[in-house]
Amino acid sequence: MFINAFSKPFCEHEGMGGVEQSQRRVAHARDGDKILSQAPSLSPVKGPEKLADSLEAVTPEMTSTAVPQAPKIRPQVVDPMTEKYSFISSYWHYMAGLVCLSLTMATLLEGRFPPPDVLWFSLASLPLILSGSILRCIEEKRPRGLALRIGFMLFSVALPMFLYGYGIASWAQSGGLDWPLAIGTLVVSTALAAVFMGGKAPGLFAAQISCWSAVALAHGATTLVAPMIAAVLFAALVSIRQAEIARVRRKFSAERERIRRRAEEILTDYEDTGQGWFWETDRRGLLTYVSHPVARALGFNSNEAMIGFSFTDLFDLGRSGQEGERTLTFHLSARSSFQELPVRAAIRGAERWWSVTGRPLYDDFGNFIGFRGSGLDLTEQRRSQEKASRLAHYDSLTGLANRFQMSQSLEKILNAPNEMQRCCAVLLLDLDRFKQVNDTMGHPVGDTLLTQVAERLECSVGDLGRVGRLGGDEFKVILPGVMSRDKLAELSREIINAISQSYSVEGHRVVIGASIGISIAPDDGMTSEELIRNADLALYAAKDGGRGRYHFYADDLLSEAEENRQLEQDLRDAISRGDMELVYQPVVDTAAEKITGFEALMRWNHPEKGPISPDKFIAVAEDAGLIGTLGEWALRTACHDLAKWPENVRVAVNVSALQFANPHLPAIVTSAIAEAGIAAERLELEITESVFLTDDDGTDAMFTALKNVGVRMALDDFGTGYSSLGYLKKAPFDKIKIDQSFVRGATEPGSRNGAIIASITSLAQALGMETTAEGVETLDELDLVRLQGCSHVQGYIYERPLSSARVAERLKAGLGAVARGPRSARAPRQTMLRKVVLDHNGQLYNGTVRNISVTGAMIEGLWNVPEGTSFRITLSTDHTVVASTRWCEQDRMGVEFERPLARDANGRIVAITQSPPDSVAVQELRTVG
């Protein structure tokens, strides 16, 4: 007990040597296991399990990666045998002072000096004792064998203790010192020698045996010689065993030290990467440890400089968001564990984010002593998240809000708690002629053009609303709040004007346009789906009205869309049931007045709605992708009917631009001709100018392939398309068909149509082509086209379209044709659907114009109106006319205008080319004579 009580402080002090500085950092490894397992770049570690095993070898209680609520901190006890083993203690030199002190005390108590021989023996032990430090250093620098270490121990421990004991015993034996005092001095000296030995058993035994052997020898007690020899032998065996144990412990200690240092190096390397770091605080929340990369990032030279700072000083909690600030403060005050809490680092001039994990620490008595934890760098992860978020909400090309973001913005407005805040307007924009820019100049030019359009659009809208790109050349504008139609119209005109200005893109001058559809909440819908659908319908109406204009949504647009949808379904059913039919209109030679052929015209008699106009269902078929099926059916049917007619009669079949783009068209034509068994030159394909919009090698190749089949080709609706006359130089047409829009009104005074017809016929004759004037219905028009040199005529003046059976009957009577019809035509009427307001003596009525000419119109919506009733009719925002009733049947009446309406240079009625009154939609269906 006496020895252990005194030896424990020396053992602990001696064992803490090089371990003390690393224990704190290694302790953080317990909290770093999870982080290190996520750092594959640290080559010394092959996996988290290896790291856990390494840390367990140093401190087994540190291997847990869990975060307990009240962990216990166990003191670090270092085994004194972890130092390099030696039989001589590092404190043995203190024994020299003890020898001097014991001789001085004995001299003072006895009152006289010891004899010279006694003094000589005692003082001779001093240099031997002091030589122990030198011998111990020799052992550490150059390890020797066991025998030499025992020799060093005997020389510096056993021999001086023998001389010291023999001197004291000789002094007592000579009578100069009382034996009780001598024994007491030796007991105290040997006890303290055991303390100085520091628990080294060989040295302790050597000191004790040597000292008391000398006493026995000086006293002359020969009987003690045998026990002393036995003790020496026992001490030798113990020394050998102790040396073996020391060797094993040294090996274990070296392995444990290697593992400890490896773990520390791994943690150091991990900290140096800047991806993860460790921290520790005391019970007041002040830092007791923080990784040096964090200290450097915060502007400190070393991590020791941050000791004593508050843990929260590491973060900019004010800019971390309420969630991070509230959560971190709560956990620190509640002394509870937290994991992966995102906070912003308090670094000036840079945005860095860390993920912090921590747990509270408690001592063996359950007292809170601080926090310990780790951190991860979240900066790149947050940047990636922000980038992904931006890509998810913004258009990557223009930087505008994308479809998803615009949809969210609209939903937020429409779901506002206050009903007055749910008002807004939606503008859908579509660029006109943008596809031509992409096709002719390439997509890079198109992308640059889109970015410039986005800039102009944002500049025009400004702070009034939000601009977004839906994709392609489609844009959306959301204008929150209540805005009058006049202001919306003004803004739309400004947008169209801004976008229509010329652009300079990579040295090219580019000019495009824009069409806008407008819907307003809550008038045009209460949900985003309704508003977008209705704005889309208004956009289609604007594009159909001539592009480069805006259009407000009206209810009849939706009804028309629903009608077209139903019509598409009915058309599919009609095709599958075989309800479609062909009729044939004769084509007459103007010189001989004989039928030379027929034009096949498609008809559809709806079981419920009756006959449907081809202009209507052909457009639906093209939009629905059914035109290919219809076209092939018409081609095969016409060839089959042609096989029953005389050999000198031809048939003309219309080919749409979509059919012409089909590379299988020549094969389909060849198959139809072979199946019917007719000559190829009896089939004439009528092609419109729209096929030249994509004037490329494919177009020329298709013309060549069809000509190789042997069929004739006619250019239909000449002069109404978008192409120049350049294609006539290479397109192998046999005939040019003059559109009925040039024939209509050609006989009226001041009309230029006659000159246009004359120029077309002259051009055709120069190119060796025939000409056919379409839509001739009066004798005056027939005389005019004959006079201008048209070779063929087609129209009601000779015959209306006939069924296949009636064509057979007609041909039995011969090919002669006789013109029958009125001398002149009434003013041409245009079928339309426009809501108007009628004012009769201050009483306002709503009506719908069904058709109109420059002299009158048919209006429905008013019942049993007396003949001669006068109205003021608002046809558009700038045109109001006075009209009187000429007839009335049920809810329909015919009115005659007081003054004829004016026409523009293109022959269109000016009043109906302008925007209709507010809340009124315009839908022009077709022009009829």
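Helices here (H or I, at least four residues) and strands (E, at least two) are DSSP runs, numbered from the N terminus. Axes are lines fitted to C-alpha atoms, for helices over the stretch in contact, and angles run from 0 to 180 degrees between N-to-C directions. This is a predicted model, so local features need pLDDT of at least 70 and side-chain atom pairs count only at pLDDT 80 or more, while totals for chains, interfaces and linings use all residues. Residues are numbered from 1 along each chain as its sequence is written, and side-chain values use heavy atoms, with hydrogens and water left out.

Let's start with the helix pairs. Two packed helices are described by the angle between their axes and the distance between the axes.

| Helix pair | Angle | Axis distance |
|---|---|---|
| α8 (179-196) and α9 (201-219) | about 165° | 9 Å |
| α15 (434-441) and α16 (443-461) | about 140° | 7 Å |
| α21 (627-642) and α23 (665-676) | about 30° | 8 Å |

Take α8 and α9, whose axes pack at about 165°. The crossing of α8 and α9 is right-handed, meaning the near helix is turned clockwise from the far one by less than a right angle. On the α8 side, W179, I183, L186, V187, T190, A191 and A194 do the touching, and they meet L204, Q208, C211, W212, V215 and H219 of α9; contact means heavy atoms within 4.5 Å. Sorted by class, that contact has 10 nonpolar, three polar and no charged residues (Ala, Val, Leu, Ile, Met, Phe, Trp, Tyr, Cys and Pro count as nonpolar, Asp, Glu, Lys and Arg as charged, and the others, Gly among them, as polar).

Next come α15 and α16, with their axes 7 Å apart. F434, V437, N438 and M441 of α15 make the contact with H443, V445, G446, L449 and L450 of α16. Six of these residues are nonpolar, three are polar and none is charged.

As for α21 and α23, they are roughly parallel to each other, and their crossing is right-handed. From α21, E632, L635, R636, C639 and H640 meet I668, V669, S671, A672, E675 and A676 of α23. This contact does include charged residues: three of them, alongside six nonpolar and two polar.

Now for the backbone. Most residues other than glycine have a negative phi, and most peptide bonds are trans. E506, in the loop between β9 (503-505) and β10 (508-510), has a positive phi near 50°. The peptide bond from A521 to P522 is cis, with omega near 10°, and P522 lies in the loop between β11 (513-521) and α18 (528-544).

The lining of the largest cavity divides into four nonpolar, four polar and five charged residues.

Key: Parallel < 35°, antiparallel > 145°, perpendicular 65-115°, else oblique.
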